[in-house]
Amino acid sequence: MASHYEAPIRKPLVLGDKGYHDVSVDIAAPVEGRANKHWWIVFSISLAALLWGIGAIVYTISTGIGTWGLNKTVNWAWDITNFVWWVGIGHAGTLISAVLLLFRQKWRMAINRSAEAMTIFSVIQAGLFPIIHMGRPWLAYWVVPIPNQFGSLWVNFNSPLLWDVFAISTYLSVSLVFWWTGLLPDFGMIRDRAVKPFQKKIYGLVSFGWTGRAKDWQRFEEVSLVLAGLATPLVLSVHTIVSFDFATSVIPGWHTTIFPPYFVAGAIFSGFAMVQTLLIIMRKVCNLEAYITVQHIELMNIVIMITGSIVGCAYITELFIAWYSGVEYEQYAFLNRATGPYWWAYLLMMSCNVVSPQIMWFKKIRTSIMVSFIISIVVNVGMWFERFVIIVTSLHRDYLPSSWTMFSPTFVDIGIFIGTIGFFFVLFLLYARTFPVIAQAEVKSILKSSGERYKSLRAAGKPMYAIRKDGVVRETFIDDEETAVEAEAPSGATPAFNLLNTLGSFDASSQTPDKLQKVKGIGPLMEKTLNKLGIFSFLQISKMTDKEYNLLDELTGSFPGRAQRDDWAGQARMLLNTDK
């Protein structure tokens, strides 16, 4: 559980005068409401890119891999570059979700859900390239070590290419389970808020019977920690194994022991940059500025700056080891990268990955949304060129000058890559319209320690139960058995007065109080609370609208949104009709 105290020097992670019910409403809004024009614009562009990619894939499979720009010397190029790039992007999701969870970092709460979804969708894109590169994707099951129609023809377990299959499939499986487990409270929230029976049924199925009981939360936290412990080694292992595709070879420029940590750092670097891109887009498209704050953007930029510095050190180490080794072939491989025909790609790589993140040392720059968005895109461009430089410049000039050649991508190469980018964003945008993009339960857990409302109260010396809303300060006494007794409100009418002004007052001399527990969702304690507020009859409850529900949540502070979800007003009207 989150602590209910946080040092005042820390900036709030939830902005505005947000209560528990506000969090539910804001996070459910993109799922429950209609998509705005920004969403449709981005979705249309992504869908067009996806259709272009599908056309390029169909053309490749029907015609052959010869449609790509590969040749006898450069037999790996565009496809493997894209594969490694997408796998790297998928790293940040597990890092943010698992590692930061184990270290109890509160700032992960608003961004972990998008990062986890990004992991799933990027690994799907990565998996497409080896399958397409086979030329006969319908025989993709041959990579699995099972008996086939040709007898005992087994895969080569000594090949790092096969290790990729196991590592990435394991990573995808664990990430998918971790993501879905974290979504259960959110599915339960959407199910309870759903109005349409079909929608309620679907979210009821995917929530696996989530009820929000203490036992549910206990198991949820236990499973989350176990999955985080399993997923954390995958952050290191997956891209380490991908680096073995190169490091276990004897080709100059590839045969180096620095590749595993170098690839992992680069993967985290590019992954955080892609998360940054998505967060900045989603906070605008889904109106989540109060939850994805400048503080989140700044912390992400700090990670990008640190990992960018690590990648820069790796570049320098590579150059030093090549010089120190005294192997002329190794030295030429790195010299060719910087001064050969692909010098422009090397310059782009160094500029984007080493130079651009260093401007984040300045607070004014790393807290700028526009600059952060541009740098996040620049970093991913640079990381793509890093993989391109490593692969192509190490292959296009080998030991025999007579076989030297250049690689140029064809329109089919480019089309497939753009198609995967479009596919990625189509999946992410559909996810944002179907699933909550922020973990509402986790955000609520830090609301009293990191919410702007509560931090302001502590700074002003007010007690935790004094809530400032629309210029009105109320003070309540909260007890384990009795909740929310109204005290004074120095400026204007109190929330309790506003509530009763709409619902009407109860005259004990001429009216008989109803047994409010007949309304589903009202227990003995809640009935006592309502009585203290002056609510004794079904007639009063039947007059509740959204405004009164919000006032009631503000006053009681317990089970926010429950009265609205259970439709207390509708139940009260039915009970009134029954009594008549």
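Accessible areas here come from the Shrake-Rupley method with a 1.4 Å probe. By that method the chain of this predicted model exposes about 26,800 Å², of which carbon and sulfur atoms supply 66%.

The chain is built from 24 helices and four strands. Of its 580 residues, 51% are buried. Among contacts with a separation of 6 or more, 75% join residues 24 or more positions apart.

The largest nonpolar core holds 125 residues, and Phe83, Phe246, Phe272 and Phe388 touch the most other members. Helix α9, spanning residues 259–285, gives the most to this core, with 16 residues. Another core lies apart from it and has 19 residues, including Leu516, Leu552, Ala569 and Leu575. In soluble globular proteins, nonpolar side chains tend to be buried together.

Leaving aside residues up to four places away in sequence, Phe83 touches Ala126, Phe129, Pro130, Asp164, Ile168, Val242 and Asp245.

The second largest pocket contains about 760 Å³ of space. Its lining numbers 25 residues, and those nearest the centre of the pocket are Pro130, Met134, Val143, Leu161 and Val165. Two or more lining residues come from each of α3 (78–89), α5 (112–133) and α6 (160–193). The classes of the lining residues are as follows.

| Class in the lining of the second largest pocket | Count |
|---|---|
| Nonpolar | 18 residues |
| Polar | five residues |

Conventions
Residues numbered from 1 in each chain as written. Predicted model: local features only at pLDDT ≥ 70, side-chain atom pairs only at ≥ 80, totals over all residues. Heavy atoms only, no water. Core = buried A, V, L, I, M, F, W, Y, C linked by side-chain atoms within 4.5 Å. Buried < 20%, exposed > 50% of the residue type's maximum accessible area, 1.4 Å probe, protein only. Contact = heavy atoms within 4.5 Å. 1 Å grid on protein atoms, 1.4 Å probe; cavity = no way out; pocket = protein on both sides within 12 Å on 5 of 7 lines; lining within 4 Å. Points joined across faces, edges and corners; volume = space filled by probe spheres on them. Nonpolar A, V, L, I, M, F, W, Y, C, P; charged D, E, K, R; others polar.
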